[in-house]
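Dear colleague,

Please find below the structure that I am handing over to you. The findings follow directly after it.

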Amino acid sequence: GIELYENGNLINSGASPLTNLTQYNTLGTFNVTVKYPQSQNYTASEETHWITVKDTTDPSITLNYPENNFNTTSTTINFNWTATDNYDTNLTCNLTIDGAVNASNIFSINGTPTNYPVSGFNDGTHYWNITCWDDSSNINASETRSFTIDRTPPSLTVQSPVEGYNYTTTNISLNYTVSDTGVGIASCWYT
């Protein structure tokens with residue numbers, strides 16, 4: 001009969017034709033050997049094949065914070081993401097801001113949120129994304145999001161009522177002009 005070995009361990013034997021279906025869930029290199037032991041009329045023979053199981057799946061990346069189109073007056077942003085992989089427990093990631101890698105080789109645990117603070121942003125709109133890779137060099141980049149730093153307060157000019165003027169009526173018109181060079185005006189009120 002024929003004998004089938006995987007990494008030196010007998011996994012099947014029987015008459016020809018001999019088949020075996022093995023699913024490899026572990027990365028690595030395996031050898032499969034088919035042996036035909038010597039019998040009365042035939043010379044023994046043996047043949048070995050090497051099987052390499054590789055990870056070809058890119059990691060996935062979920063951006064957690066800041067959300068897209070985030071507005072803030074803070075010049076420090078805490079970037080937060082979750083990288084997930086089908087095999088590796090640890091991934092390596094880069095943080096890209098405004099088209100340039102800001103931080104490289106950031107250690108990210110598979111399926112666990114990673115936080116990375118960056119300080120010193122100037123006013124304006126900025127763009128960010130994350131690129132991660134696993135131990136098999138599978139690489140993926142996240143979507144690109146934007147955030148805006150706006151530390152300049154709006155400009156307000158009150159034309160009416162005139163400051164210091166004593167009115168003899170309870171019906172006073174309010175007239176003002178407001179402008180903003182940053183993200184715009186969310187609301188105005190008078191007290």
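The torsion about the S-S bond of cysteine 93 and cysteine 132 is about 105°, so this disulfide is right-handed. Please bear in mind that the model is a predicted one. The sulfur atoms of cysteine 93 and cysteine 132 are 2.0 Å apart, and the structure holds one disulfide. Because cysteine 93 belongs to strand S8 and cysteine 132 to strand S11, the pair ties together parts that are 39 residues apart in sequence. Both cysteine 93 and cysteine 132 are buried. In general terms, a disulfide is a covalent bond between the sulfur atoms of two cysteines.

I turn next to the charged pairs. Side chains of opposite charge can pair when their charged atoms come close. The structure holds two salt bridges. One of them joins the side chains of aspartate 123 and arginine 151, at 2.9 Å from N to O. Aspartate 123 is in the loop between strand S10 (113-118) and S11, while arginine 151 is in the loop between S13 and strand S14 (155-160), so this pair ties together parts that are 28 residues apart in sequence. With a relative accessible area of 32%, aspartate 123 is partly exposed; arginine 151, at 48% relative accessibility, also counts as partly exposed.

A salt bridge is likewise formed by the side chains of glutamate 143 and arginine 145, at 3.5 Å from N to O. Are these two residues buried or partly exposed? Glutamate 143 has a relative accessible area of 46% and is therefore partly exposed, whereas arginine 145 has one of 12% and is therefore buried.

Leucine 95 illustrates the packing: leaving aside residues up to four places away in sequence, leucine 95 touches several residues, among them Phe79, Ile106, Tyr116, Val118, Trp128 and Ile130.

A polar residue, asparagine 80, also deserves a remark. Asparagine 80 lies in strand S7 and, at 16% relative accessibility, counts as buried because the limit for that class is under 20%. What does the side chain of asparagine 80 make a polar contact with? The partner is the side chain of asparagine 64, at 2.7 Å. Residues up to four places away in sequence not being counted, asparagine 80 touches Leu63, Asn64, Tyr65, Pro113, Thr114, Asn115 and Trp128.

Strand S1 (residues 2-6) pairs with strand S3 (residues 28-36) in the antiparallel sense, over four bridges. Within this pairing, glutamate 3 has lysine 35 of S3 as its bridge partner. S3 is also joined to strand S4 (residues 45-53), by nine bridges, and the two run antiparallel. Here valine 34 has glutamate 47 of S4 as its bridge partner.

With kind regards

Methods:
Residues numbered from 1 in each chain as written. Predicted model: local features only at pLDDT ≥ 70, side-chain atom pairs only at ≥ 80, totals over all residues. Heavy atoms only, no water. Pairing = 2+ DSSP bridges. Contact = heavy atoms within 4.5 Å. Buried < 20%, exposed > 50% of the residue type's maximum accessible area, 1.4 Å probe, protein only. Polar contact = N/O pair within 3.5 Å; in protein donor to acceptor, adjacent residues only side chain to side chain. Salt bridge = Lys/Arg side-chain N within 4 Å of Asp/Glu carboxyl O. Disulfide = S-S within 2.5 Å.
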